[in-house]
Amino acid sequence: MTERQTNRTAETSADVVILGAGPAGLTLGNLLHAAGIDCVVLERADRAHVRTRARAGFLAANTVRILERHGLADGLHRRGHPHGTCEFRTGNGSFRLDYGTLGRGERHTVYPQQDLVTDLLTHYLDAGGRIRFETEARSVREVTGPRPTVDVREADGRPGRWRARYVAGCDGRHGAARRSLPASALRHHRDHGVTWLGLLAEAPPSLDAVGYAMHPDGFAGHMARTADITRYYLQYEPGVPGDAWSEERIWAALDRRMYTAEHGPLHHGRIVQRSVINLESDVVEPLRHGSLLLAGDAASLPAPAAAKGANLAVLEAELLAEALIDEFSRSDSRALDRYSRRCLDHIWRAQEFAHWMIQLLHAPAGADAESFFHEAMRRSRVESLRTSRTHQDWFAENYVGI
Ligand code: APR
């Protein structure tokens, strides 16, 4: 790393500049640093925010294997817990799938993302890894050349510039990497026309399963997070602010849609977080633009109906790390050349399954013939999942698998 002052902008360099300290950026940073690659993570938020931001929490078996492979799984081994059951509730009865015994026989590990990110950050810093908090990347330039630059706003507000051999865009969907893509980059976007109200409740889980309820009033979902925090989702009116519903109205809707009259009450508690989520998906193609490479949400955003986001982020970070290590240690750029294709194969499979789940969980909006047709197909899909072992194996393989 070198530091140099050019007129008013402090210029610094590293072989790999990583934008963003989420699951993608921190997994990549740990793997590159462990391989002796000179890298730095630039993160817009402060340390406290990075360590406490609550988002996903269902780690696929493959993600656990990747983290174990690189000595990053101690925390999830100590505090995570296996999860292998879904419960589908409909007006025509309910059924449970022990997906841990179906498909490849794999389970999720429930481990809140903020705990995973805190583990990755602690491991990275303890190993001597470099990170700059409150450093916002503004743009990535000269990506077609061998020395791309990243213009930043430093923590003290002054402009700065980082020069690199490669820039890893792990700064999410609205980050500087996405904004700096050449016009030739393709962005495949799909709005699924469904909106959820995402909730975190200070209440113990009410089911020992992921609960998916398909009710005439709309979808409702139940996902455990910890012993006293539960994540809920409610299908919601598009365009309505997240704070428009009172807690009473939220719990009344959850009770009704989760068919508690048949299945017993939900544990109520204070709603500590709300977010309105428009179910949309997008994919950037390709994921490499010269010396700029994308991973995680910067590469693709799967709709949150299938818990794929964080799992894709860790998988892509490992593929990118392996490719960069080949490049720096053996000047072998074959894996870098294949990086985009390899990730996109996983990404589109995850997108396909997320789309399938959205169609499964949500009744079509209209009452016209088209909607009736879709609704009849949806009911048949639910029935196949309830009765067909082949469909159950396919579901399990794609639900847990990446
Ligand atoms: N400059 C520097 N950092 C930035 C910038 C920027 N311009 N823009 C965003 N960031 C930081 C954010 O503050 C965040 O810490 O980039 C990080 C991106 O992290 P995530 O959003 O967690 O993205 P990623 O690592 O790709 O993981 C994505 O994890 O949260 C789950 O389900 C979620 O699918 C998602 C997955």
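## Getting started: what a polar contact is

A polar contact is a pair of N or O atoms within 3.5 Å. With that in hand, we can look at R55: one of its polar side-chain atoms lies 2.5 Å from an oxygen atom of the ligand. Please keep in mind as you read that this is a predicted model.

## The chain as a whole

Let's step back for a moment. The protein chain contains 12 helices and 22 strands. Along the principal axes, its C-alpha atoms fill a box of roughly 70 × 45 × 40 Å.

How does the radius of gyration of the protein chain compare with that of a compact globule? For 402 residues, a compact globule would have a value near 21 Å, and the protein chain has 22 Å, so the two agree.

## Around the ligand

Now back to the ligand. There are 24 residues around it, and A24, E43, R55, Q113 and D297 come nearest. A backbone N or O atom of A24 is 2.9 Å from an oxygen atom of the ligand, while a polar backbone atom of D171 lies 3.5 Å from a nitrogen atom of the ligand. How much of the ligand does the protein bury? On its own the ligand exposes 710 Å², and the protein buries 93% of that.

Which elements build this shell? At least two residues each come from α1 (23-34), β11 (136-141) and α9 (309-330). The largest share, three residues, is supplied by α9. Sorted by class, the shell around the ligand holds 10 nonpolar, seven polar and seven charged residues.

## The second largest pocket

Two or more lining residues come from each of β8 (93-97), β15 (186-202), β16 (210-215), β17 (218-224), α10 (334-361) and α11 (369-387).

Which element gives the largest share of this lining? That is α11, with 11 residues. By class, the lining of the second largest pocket has 16 nonpolar, 15 polar and 13 charged residues.

You will find P286 in the loop between β19 (270-285) and β20 (288-289).

The other is E134, which has a positive phi of about 50° although it is not a glycine. E134 sits in the loop that lies between β10 (130-132) and β11.

Notes. Residues are numbered from 1 along each chain as its sequence is written. This is a predicted model: local features need pLDDT of at least 70, side-chain atom pairs count only at pLDDT 80 or more; totals for chains, interfaces and linings use all residues. Side-chain values use heavy atoms; hydrogens and water are left out. Helices (H or I, at least four residues) and strands (E, at least two) are DSSP runs, numbered from the N terminus. Ala, Val, Leu, Ile, Met, Phe, Trp, Tyr, Cys and Pro count as nonpolar, Asp, Glu, Lys and Arg as charged, and the others, Gly among them, as polar. A residue is near a molecule or strand if one of its heavy atoms lies within 4 Å of it. A polar contact is a pair of N or O atoms within 3.5 Å; within protein, one must be able to donate a hydrogen and the other to accept it, and residues adjacent in sequence count only if both atoms are side-chain atoms. Accessible areas come from the Shrake-Rupley method with a 1.4 Å probe; for residues, only the protein chains shown count as cover. The radius of gyration is taken over C-alpha atoms; the globule rule is 2.2 Å times the number of residues to the power 0.38.
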